[in-house]
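Here is a short report for a reader new to this protein. Look over the sequence and the model first, then read on.

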Amino acid sequence: MATVCCREMAGILAWFWNERFWLPHNVTWADLKNTEEATFPQAEDLYLACPLAFCIFMIRLVFERFIARPCAMGLKIQANGPQKAQPNAILEKVFTAITKHPDEKRLEGLSKQLDWDVRTIQRWFRQRRNQEKPSTLARFCESMWRFTFYLYIFTYGVRFLKKTPWLWNTKECWYNYPYQPLTVDIHYYYILELSFYLSLLLSQFTDIRRKDFLIMFLHHVATISLITFSYVNNMARVGTLVMCLHDAADVLIEAAKMANYAKCQILCNLLFAMFAILFISSRLGVYPLWILNTTLFESWEIVGPYPSWWVFNLLLILLQLLHSFWSYLIVKTACRAISKGKVDDSSTPLLFSVFLFIFY
């Protein structure tokens, strides 16, 4: 039985890692094995990201407790959460087992059962829903952690990439592909980014469960898949460009969120304006003219298409469509903010709910 299972697993792995799908014509996995002269990306390299993700998760807990929390307290951000709903076994059972948003018919039934008026029951459900939301202090600490990481990884990416030839000439991403040796800088960059998003995936199951849990989960899975795909396929050079381009805007959105939580409205407005300009110019200008141009046209000219090439570019084009949609939301939020004179509580949720999960 064990032998049969092993054979089936081996067959599945052989099918998944089919060379004709992943690699250009006349290239095999054996050609990309490490030698004394050169080191290439190996799938097993990514195993290191799992224990490192746990370490990053623990570092986050320490950071939020001993660095972010005191900073929040210094900015007079209160630890108090929303007002708690009055304990009620009947309403709690409905809330946890049936619905968090009762319709009018159910509200009337509960009103008769409890001898409460409908408005009081609606208020109870609203307060109970708010209990599940993280406090402003918790959100500030989370944003400060992400801001710190994004600032570090973006700074590292810029310092690393400015020394590489493919930053200045994107055709270098494809010359001698896929026989481009793996450098220590690329390996570190990829492993750290992958570990961070694995840690975010892990933290979803330990943090307060949010209404965007599924969206965030799917985003993290997609991000992890794209990072893994480009590394294993040795599209690491263009992958570093994509990661660095996306990290730039993430720094500003986390800073804007911190300013919003600290009620620094002028700073929040300024950071939001900077973020909007950077996001739209980079995602609707730099990304298609720089990234898509090299992955679609320069790679076609130098390497030629193969099955995984189509998949990779399809994902990048889909990403461009998402960029367009997110840019529309930014403009919509900006117009709303201008009409009211600030990025207030009615504007920021639309923006922040979208950009909490932007990377790819």
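## Aromatic pairs

This is a predicted model. The count of aromatic pairs comes to 28, with ring centres within 6.5 Å as the rule.

One of them joins W17 and W29. W17 has 26% relative accessibility, so W17 counts as partly exposed.

## A buried pair

W124 and F125 also pair. Their centres are 5.2 Å apart. The pair is edge-to-face because the planes stand at 80°, and the cut-off for that class is over 60 degrees.

Are these two residues buried or exposed? W124 is buried, at 4% relative accessibility. F125 is buried too, with a relative accessible area of 1%. Both values count as buried because they are under 20%.

## A cluster and a charge

Ring pairs also build a cluster. Its members are F16, W17, F21, W22, W29, F229 and F312.

Elsewhere, a charge meets a ring. The charged end of R65 sits over the ring of F66, 5.3 Å from the ring centre.

## The whole chain

The protein has 14 helices and zero strands. Of its 360 residues, 47% are buried.

Take the contacts between residues at least 6 apart in sequence: 79% of them join residues at least 24 apart. The accessible surface comes to about 19,100 Å². Carbon and sulfur atoms account for 65% of that surface.

Definitions and conventions:
Residues numbered from 1 in each chain as written. Predicted model: local features only at pLDDT ≥ 70, side-chain atom pairs only at ≥ 80, totals over all residues. Heavy atoms only, no water. Phe/Tyr/Trp six-rings, centres within 6.5 Å; stacked < 30°, edge-to-face > 60°. Buried < 20%, exposed > 50% of the residue type's maximum accessible area, 1.4 Å probe, protein only. Lys NZ or Arg CZ within 6 Å of the ring centre and 35° of its normal. Helix = DSSP H or I, 4+ residues; strand = E, 2+ residues; numbered from the N terminus. Contact = heavy atoms within 4.5 Å. Areas by Shrake-Rupley, 256 points an atom, 1.4 Å probe, with all protein chains shown as cover.
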